[in-house]
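Here is a walk through one protein fold. Have the sequence and the model side by side as you read.

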Amino acid sequence: MNTAMAHPMTESPQERLAAIIDSHQPRSILAVSLNPIPVVSQWCKDHDCELIEIQSPTPFDALEDIERVDMAIVADQLEYMTHRDGESLMGLLRNLHTDSLVAVYQPTLAPQALRWPSNGFLALGCREQGHFSQDGRSLDMYSYDLDNYNFERSWNNARFWANPENWGKYWW
């Protein structure tokens with residue numbers, strides 16, 4: 001079930017982000033953002049969670065010194081990077097630094113040449129968490145969680161296997 005559809009969008013982006021963090025209960029969060037993210041700072045204070053912040057237009061060098069964290073949040077960052085650099089950042093975080101990732105993206109802040117395509121986050125295995133609009137501004141929220149990004153398919157079992165007697169015996 002798409003979690004974006006399960007929650008009415010009457011909640012604010014801050015409330016939605018706090019709910020995502022609450023659902024994971026991380027002990028450490030890496031925030032990659034050009035500006036502080038107040039809801040993340042407050043959540044970490046309230047829950048004795050380590051907060052590591054990278055505030056740089058080019059965060060790649062700073063990431064070299066960062067160990068794995070329970071969750072990473074990217075906000076107010078991708079709007080100012082090329083799509084290629086943004087994908088590299090998201091991939092680096094997802095593959096080396098965390099199993100849970102949240103991206104907050106404001107497409108109208110990005111110059112037209114830097115805007116992500118509408119399916120750019122989905123192509124990285126992210127799920128929609130909400131689309132918010134207010135006063136001509138828009139904000140999109142996506143999440144990636146290694147534990148549930150690749151959902152179980154009803155057809156992927158021994159019943160639909162070409163040689164059901166070999167199901168689970170071999171690794172190619």
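Two strands count as paired if DSSP finds at least two bridges between them. Keep that cut-off in mind for this predicted model. Strand β3, residues 71-75, and strand β4, residues 100-105, are joined by 4 bridges. The two strands run parallel.

Strands of a sheet pair through backbone hydrogen bonds, either parallel or antiparallel. Here 6 strands form an open sheet, and the pairing is mixed. Read across, the order is β2-β1-β3-β4-β6-β5. The edges are β2, residues 50-54, and β5. Each of these edge strands pairs on one side only. On average, neighbouring strands are turned by 15° against each other, direction ignored.

Next, find the helix α2. Which strands does α2 lie across? They are β1 (28-32), β3, β4, β5 and β6. Against β6, α2 runs at about 10°.

The largest share of the lining, 4 residues, comes from β6.

How much space lies in this largest pocket? The volume is about 560 Å³. The lining holds 23 residues, and the closest to the pocket centre are P13, Q14, Q106, R137 and L139. What is the make-up of the lining by class? There are 11 nonpolar, 8 polar and 4 charged residues.

Last, look at the aromatic rings. A pair of aromatic rings is described by the distance of the centres and the angle of the planes. Rings count as a pair if their centres lie within 6.5 Å. By this rule there are 4 aromatic pairs. One of them is Y105 with F121: the ring centres are 5.4 Å apart and the planes stand at 55°, so this pair is tilted. The pair links distant parts of the chain, 16 residues apart. Y105 sits in strand β4, while F121 sits in the loop between β4 and β5.

Note on methods:
Residues are numbered from 1 along each chain as its sequence is written. This is a predicted model: local features need pLDDT of at least 70, side-chain atom pairs count only at pLDDT 80 or more; totals for chains, interfaces and linings use all residues. Side-chain values use heavy atoms; hydrogens and water are left out. On a 1 Å grid over the protein atoms alone, a cavity is a set of points where a 1.4 Å probe fits but cannot get out, and a pocket is an open set with protein on both sides within 12 Å along at least five of seven lines; lining residues have an atom within 4 Å of a point. Grid points are joined across faces, edges and corners, and a volume is the space filled by probe spheres set on the points. Ala, Val, Leu, Ile, Met, Phe, Trp, Tyr, Cys and Pro count as nonpolar, Asp, Glu, Lys and Arg as charged, and the others, Gly among them, as polar. Axes are lines fitted to C-alpha atoms, for helices over the stretch in contact, and angles run from 0 to 180 degrees between N-to-C directions. Contact means heavy atoms within 4.5 Å. Rings of Phe, Tyr and Trp (its six-membered ring) pair if their centres lie within 6.5 Å; planes under 30 degrees apart count as stacked, over 60 as edge-to-face and the rest as tilted.
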